[in-house]
Amino acid sequence: MKLDYIKITNRNGGIMHGGNQSFFSKNIKRSGCGMIAACDMVLYKQNRKTLGIDEYKQFVAEKSVFFYRFHINLIGVTAFRIVRFLRKHSFSFRFVPSRKLNGERFEKLVKASIENGNPVIVRVGLNGNKLPYNVFHSDSGKYSHGTLSWHYITVTGFENDRFFYSSWGGTGEISITDLRDHLGFMGGIICSQ
């Protein structure tokens, strides 16, 4: 099962899957993955699933005040700030920390949210860079790969033992067990109530 997540058309006609923090200023480039995930979620919930890049940048710039006006965000945007942002837009989400996601609970909560039509924002916390990723960027036809730590991704679907996700404007898939086992310190999920 895969949700029809937001798509952003760049100036060359390429399609990105969700936003990318690298579109914005230095502070957002450094720590904006959580804000981008939150803004993408609001657009998704408002059924604004296809946008041009300029419209997308304007939307995020307007919303960035909530995240950056009085906040330095040295280790990124907190999960609780994202939850407050989503609730401010009348969407009922909650943060479940990794310590409460033992056993099958992680998989069950994520799948239940997706089955109800709601993507799940996952905060991968400090984990010693042990979680490998491989993201496909359909707008360029290229892959990026490495390891995740201190980063937000948005899970948009699942099949068997894999989750599909959006990050940096691209898409990837990851083992459910690997993701759960490497949520790390301060990791967790932001899912629908």
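Residues are numbered from 1 along each chain as its sequence is written. In this predicted model, local features need pLDDT of at least 70 and side-chain atom pairs count only at pLDDT 80 or more, whereas totals for chains, interfaces and linings use all residues; side-chain values use heavy atoms, with hydrogens and water left out.

The protein chain contains six helices and eleven strands, taken as DSSP runs numbered from the N terminus (helices: H or I, at least four residues; strands: E, at least two). Its radius of gyration is 15 Å, close to the 16 Å given by the globule rule for 193 residues, so the chain is as compact as a globular protein of that length. The radius is taken over C-alpha atoms, and the rule is 2.2 Å times the number of residues to the power 0.38. Along the principal axes, the C-alpha atoms of the chain fill a box of roughly 45 × 40 × 30 Å. Among contacts (heavy atoms within 4.5 Å) with a separation of 6 or more, 67% join residues 24 or more positions apart.

Helix α2 (residues 33-45) and helix α4 (residues 79-88) have axes that come within 10 Å and cross at roughly 20 degrees. The two helices are therefore roughly parallel (angles under 35 degrees; over 145 is roughly antiparallel, 65 to 115 roughly perpendicular and the rest oblique). Axes are lines fitted to C-alpha atoms, for helices over the stretch in contact, with angles from 0 to 180 degrees between N-to-C directions. The crossing of α2 past α4 is right-handed, that is, the near helix is turned clockwise from the far one by less than a right angle. On α2 the contact is made by G34, A38, C39, M41 and V42, and on α4 by I82, F85 and L86. Seven of these residues are nonpolar, one is polar and none is charged (nonpolar: Ala, Val, Leu, Ile, Met, Phe, Trp, Tyr, Cys and Pro; charged: Asp, Glu, Lys and Arg; polar: the others, Gly among them).

Positive phi values occur at two non-glycine residues in loops that involve these helices. N47, in the loop between α2 and β3 (50-52), has a phi of about 65 degrees. N47 counts as exposed, at 56% relative accessibility. S90 lies in the loop between α4 and β4 (93-97), and its phi is about 70 degrees. S90 is likewise exposed, with a relative accessible area of 67%.

Terms used: Buried means under 20% relative accessible area, exposed over 50%, partly exposed in between (1.4 Å probe, protein chains only).
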